[in-house]
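Colleague: I am new to this structure. Please show me how to read it.

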Amino acid sequence: MKLMFLGAPGAGKGTQAERISEKYGIPSISTGAILREAMAQGSELGKKAKSFVDAGTLVPDDVVIGIIKERLAGDDCKKGFILDGFPRTVPQAEALDAMGITMDLVVSIEVDDDHIVRRMSGRRLCSKCGASYHIVNVPPKVEGVCDKCGAPLMLRADDKPEVVRDRLATYHKQTEPLKDFYAAKGLLVLINGHDEIENITANICSELDKIRG
Ligand code: AMP
């Protein structure tokens with residue numbers, strides 16, 4: 001099963017990708033998480049990505065395409081995978097086609113912009129394993145501590161309101177055209193991202209059931 005999530009930053013792609021990944025036992029691949037890890041380690045990739053990520057703009061296509069090529073070659077991707085945050089531009093989507101990868105379903109999680117900006121201020125991220133939380137919607141069992149690995153939770157630097165607005169502008173200009181790209185292939189479904197987290201997961205699963213027969 002090859003599933004892709006589209007949607008604005010903060011629409012809930014990461015949360016849903018983690019839930020679907022657990023349910024179906026396929027890896028969730030987040031280019032954002034891979035870039036954040038590289039930045040934390042101070043690797044060459046991290047140094048290359050930092051100025052773009054900090055400004056809320058997109059890392060150059062060739063860099064993220066290289067990351068995805070390498071990641072999708074992993075053995076754990078043989079049964080399927082979930083793409084969270086890739087592709088984000090039409091050339092990235094074309095690169096996926098050129099790799100011979102055809103998706104089974106593309107889910108766009110739809111959330112209004114003003115709701116996104118409010119939602120982002122409550123978002124928290126594990127400093128070690130990258131798991132995502134929200135102080136109201138997805139609280140950890142112990143405040144400020146990751147349920148999965150016990151590391152402290154942090155705010156993402158690019159979740160500040162001024163950067164979020166830039167990321168939303170980038171999304172509308174560069175990523176939203178992908179909805180037409182995948183609608184033309186008959187792969188796109190729109191899911192209401194204002195709903196409860198459990199209902200969104202259930203709606204995605206029922207779309208997956210349709211294509212799995
Ligand atoms: P995310 O965690 O998906 O919100 O990504 C965080 C940041 O990483 C984005 O604002 C971009 O700067 C960068 N990034 C993640 N995925 C991509 C991608 N597919 N193409 C370009 N930049 C990306």
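Colleague: How much of the contacts with a separation of 6 or more comes from residues 24 or more positions apart?

Modeller: A contact means heavy atoms within 4.5 Å. In the protein, residues 24 or more positions apart make up 71% of the contacts with a separation of 6 or more. This is a predicted model: local features need pLDDT of at least 70, side-chain atom pairs count only at pLDDT 80 or more, and totals for chains, interfaces and linings use all residues. Residues are numbered from 1 along each chain as its sequence is written, and side-chain values use heavy atoms, with hydrogens and water left out.

Colleague: How many helices and strands are there?

Modeller: Helices (H or I, at least four residues) and strands (E, at least two) are DSSP runs, numbered from the N terminus. The protein has 9 helices and 8 strands. Its radius of gyration is 16 Å, close to the 17 Å of the globule rule for 213 residues, so the protein is as compact as a globular protein of that length. That radius is taken over C-alpha atoms; the rule is 2.2 Å times the number of residues to the power 0.38.

Colleague: Which strands does β5 pair with?

Modeller: Two strands pair if DSSP finds at least two bridges between them. β5 (residues 123-126) runs antiparallel to β6 (residues 132-134), with 3 bridges. Arg 124 faces Tyr 133 in β6. β5 also pairs with β7 (residues 153-154), antiparallel, over 2 bridges. There, Cys 126 has Leu 153 as its bridge partner.

Colleague: What lies between β5 and β6?

Modeller: The two form a hairpin with 5 residues between them. In the turn, Gly 130 has a positive phi of about 85 degrees.
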